[in-house]
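Colleague: I'm new to this one. Can you walk me through it?

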Amino acid sequence: MTKRLVVLGTAAMLAMGAAPSGPWMDKSLPPDRRADLVMEQMTLDEKLGLVHGGSAYAGQATPQPTQSLGGAGFVPGIPRLGIPDFQMTDGRSGVANTGKRGRYATALPSSLAAGATWDVKLAYEYGALIGKEARDLGFNVSLGGTANLIREPRNGRNFECWSEDPILIGKMLGRALKGTQDQFVIGNINRYAVNDQENGRMVYSANMDKRALRETDLLAFEIAIKESDVGTVMCAYSKLNGVYACESPYLLTDVLKKAWGYKGWVMSDWGAAHSTVPSVLAGFDQEMPTGRYLGDAFKAALEKGDAPTARLDDMVHRILRTEFAVGVFDNPPSVHPVNPFTGAEVAQQVAEQSAVLLKNANGQLPLRAGAVKSIAVIGSHADVGVMSGGGSDQVDAAGGNPVAGGGAVWQPSAPLQAIREKAAGAKVSYDAGTDPASAAKLAAATEVAIVFVNQHTSEGRDVASLALPDNQDELVSRVAAANAHTIVVLETGGPVTMPWIDKVSGALEVWYPGIRGGEAAAHILFGSVNPSGKLPVTFPKSEEDLPHPVLEGLAGRTPAPFDVNYTEGLKTGYKWFDAENKAPLFPFGFGLSYTTFAYSQLKAAASGQNVTVTFTVKNTGRAAGAEVAQVYVGLPANAGEPPRRLVAWEKVPLAAGESKVVKVEVDPLYLSVFNVERDGWEVLAGEYRVYVGGSSRSTALAGTVRMAER
Ligand code: BGC
C-alpha cells in the first residue's frame, strides 16, 4: 500500500519536474538493495524495455524515440519510477557522438597515445575528461575503453587500444575507466574478447587455447575490470573458439561473472547479438542498439518457458544496480556547454607525454629557436591539422574537417603554425609533399626539413600492410637525400615500417595526437617539452617477422567464415620477438629523451607471493626529464613462458643531476601462470629473474628472487 502511494507520488513529482522519490532513492542503501526495491514495482514489459536498445531494426515499424540525444545508443527509461533514459555515446578518445546537438567535445589523442604516456594519473585524467564532457552533453553511458591487445599490428582499430601488453592495458585503462565513472557516467570495456583484427570481424573465429586466452587478452580485461569496477562490458562481433562472443557461456558466465565476480551488465556490440535463448542463457544482458532478439522474441521465449524469468530479473538487476553504484540516479547529467579550454589542456598534456622520440642522431633535436634560419615543413596537411583515427572513435573535428575529401579527418591543430610560432626568426616554408621531387627541392634549400607522415586507420578494415601509404616512404627518402637534417614526425594508428630510418636524423612518433597535436609536436621539436613517451607496442622491421606474416581475411568484402588461429599462444607482442630471437625496429618500452638516465642499486625481495623491487634512477644529463622505469620478470623455466614480461613501471620526473629511489610492489597476479587443469592462477615456486631498465631490450639491472613452495 505504502509502496504504491510512493510510486504514484514519484510520477506526479516527475510531471512537475521534481527529483524522483521512492525507497530506492535512499542513498544510504547498497546498490543491490536499491535495485531490488525498484524491481518490485516493475512490470514484465518495463523489465523487457531495459534489456535492449530503442532503435528500430530492419523491418520493424517502431519509429526512433524522440528523446534520444542521437548518440550511439538509446534505451528509454521508465519515468514513473524515475529510471532515467540511457543516453550512450562512444567515448574512447573523447565524446564521439555530440549527437543532435552538434556540440563541441574535445578530441583527445588516441587511446594508444594515452598508453604511450605510461602515466596512470594522466590515464585517470583522460578518462575523467571523457566522463565530464559526456555528462555535460547529456550522456550517462560512455562506450569507451578498449582492452583488446594489439596482437595484430595491421588491425585498423589499434589506435583505440592501449598497448600490446595485458598488464599495461589493464592498469592504464582501469584508471581511465575509473576516471570516467567518478563523473557519474557508466563506463564500458570492449570488445570482449579477442576481436583483434577488423577484416571479417562479423564472421571469423579467433581460436586460442585456454591458457593463452587467460594470460593475454582476458588478463587485460581482468585487471582493468578489477581496477575500475566498470559498469558495462561490450561483447564483440567475432567468435571465440567457434562461438559468437555474445553467446559464449565461457566468456560471459564462467569467466566474467563467475571467476571475476563481475556485477555489471554485458551489452552487445552494435548488431553483435545473434540469438535469443542461447545468448540469454550464456549470460548476455542487453542487446544494442535494437530489440531484434531481446524484444518481442525474448518475451515469447519467456512465456513459452524457453528462458527462465530469473534470468530476465538478473539482467535487469545488473543494469539497475550499476546505475545506482555509479551514481546515475543520484547525479543525473546536467546539460551545459563543454569547456574547450580545460579539454585542450588535458589533450595537450597527453599529446606531450605520449610522443615517442625514436631517433635523434647527433643531437639534432631539440631545434634551437633563434639559431635555425630556415625550415621546410612537408606533408600530411601539416599546414592545417593533425590526423585522427576513423570509425566510431572519431570525434568530430572542432569547426569542421580542415581537409576536404579523402575519408580521413584532420583535427584543426596545425603543426606549421605552431612551428612558426616557435621559430620566430626563421623562414618556415610548407610543401604538401604530394610530389616528392618538389618537396626535395624545397628541403635542399633549407637548413632543416621536417616531414609529417601519416597512416590513416579505421574501424571496419585493417591496413593492407605496415608500409606508410600514398608514396610517403618515397617522399621521406627523397627529402632525406636532399637534406642531411631531416626529421620525420609520424601520425599513425600503430606501428609502421620505416625503410628510410637510417637516412634521417630524427623520428618522432606522435600517434593521432588530438586537438592540440600540432602545438605538442612543436613543443617537443623545439625542446620546451622533453619527450618522455615510450612505445606501448613493438615496431617490427617487417611483416615477415610477425607471428602471422599474412593477415587472414579479405578487406572490403564480406568473406565466408574463416578461422584466425593464434597458435603463437603466449607469445604476443614483444614476447614473440624475445622468444623467437628477432630484432624489432624499435622494441616495446623504447623511447629517447633529451637527457640520459642511469640505473643502479637493484634490490629484489620476495615475501610469500609478494615481490618488492627497489632501484635508483638518476638523470645524468643536463635537462630535466622523466624516465619510464620498467620492471620485467623472467619466470622459472618450468613455467613455459616467453623470456620476460612487464610486471611494473613508474614514470619518474627528475631534474638534471637528480636521482630517486623507486620502490615497486609487484601484484602476485602479474607473476602468475594460468593452470588450466585447476582453472585458476598460480605462482610457481622457483627462481625468478628480475630486470630493470628503460625498455624491454635495455635492462641495465638484473637480479634474482626465489619464490618458495606454497
Ligand atoms: C563499434 C563499437 C561502438 C558501436 C557504437 C560499433 O561498430 O564496434 O565499438 O561502440 O559501434 O557506435
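Modeller: Here is a short tour, starting with the ligand.

Modeller: This is a predicted model, where local features need pLDDT of at least 70, side-chain atom pairs count only at pLDDT 80 or more, and totals for chains, interfaces and linings use all residues. Residues are numbered from 1 along each chain as its sequence is written, and side-chain values use heavy atoms, with hydrogens and water left out.

Colleague: Which residues surround the ligand?

Modeller: The shell includes Ala-72, Asp-90, Arg-92, Leu-143, Arg-157 and Arg-201. Met-234, Tyr-237, Asp-269, Trp-270, Ser-392 and Glu-459 belong to it too.

Colleague: How far is the polar side-chain atom of Asp-90 from a ligand oxygen?

Modeller: The distance is 2.5 Å for Asp-90. For Asp-269, a side-chain N or O atom is 2.6 Å from a ligand oxygen. Tyr-237 has a polar side-chain atom 3.1 Å from an oxygen of the ligand.

Colleague: And how much of the ligand's area does the protein cover?

Modeller: The protein covers 90% of the 320 Å² of accessible area that the ligand has on its own. Accessible areas come from the Shrake-Rupley method with a 1.4 Å probe, and for residues only the protein chains shown count as cover.

Colleague: New topic. How many disulfides are there in the whole structure?

Modeller: The search finds 1 disulfide. It joins Cys-235 to Cys-246, with 2.1 Å from S to S. A disulfide is a pair of cysteine sulfur atoms within 2.5 Å.

Colleague: Which parts does the Cys-235 and Cys-246 pair tie together?

Modeller: Cys-235 lies in strand β6 (residues 232–235), and Cys-246 sits in the loop between β8 (243–244) and α9 (249–259), so the pair ties together parts that are 11 residues apart in sequence. Helices (H or I, at least four residues) and strands (E, at least two) are DSSP runs, numbered from the N terminus.

Colleague: Why is the disulfide called right-handed?

Modeller: The torsion about the S-S bond of Cys-235 and Cys-246 is about 110 degrees, so the disulfide is right-handed.

Colleague: Are Cys-235 and Cys-246 buried or exposed?

Modeller: Cys-235 and Cys-246 are both buried. Buried means under 20% relative accessible area, exposed over 50%, and partly exposed in between (1.4 Å probe, protein chains only).

Colleague: On to strands. How many residues of β11 are buried?

Modeller: In strand β11 (residues 374–378), 5 of its 5 residues are buried. Ser-374, Ala-376 and Ile-378 point one way, while Ile-375 and Val-377 point the other way.

Colleague: Which strands pair with β11?

Modeller: One is β14 (residues 427–431), in the parallel sense over 5 bridges. Ala-376 has Ser-429 as its bridge partner there. Another is β15 (residues 448–454), also parallel, over 4 bridges. In that pairing, Ile-375 stands opposite Val-448. Two strands pair if DSSP finds at least two bridges between them.

Colleague: What does the side chain of Asn-454 make a polar contact with?

Modeller: Its partner is the side chain of Ser-380, at 2.9 Å. A polar contact is a pair of N or O atoms within 3.5 Å; within protein, one must be able to donate a hydrogen and the other to accept it, and residues adjacent in sequence count only if both atoms are side-chain atoms. Asn-454 lies in β15 and is buried, at 8% relative accessible area.

Colleague: Last one. Which peptide bonds are cis?

Modeller: The bond from Asn-190 to Arg-191 is cis, with omega near -10 degrees. The bond from Met-288 to Pro-289 is cis too, with omega near 0 degrees. Arg-191 lies in strand β4 (residues 188–192), whereas Pro-289 is in the loop between α10 (277–282) and α11 (296–304).

Methods. A residue is near a molecule or strand if one of its heavy atoms lies within 4 Å of it.
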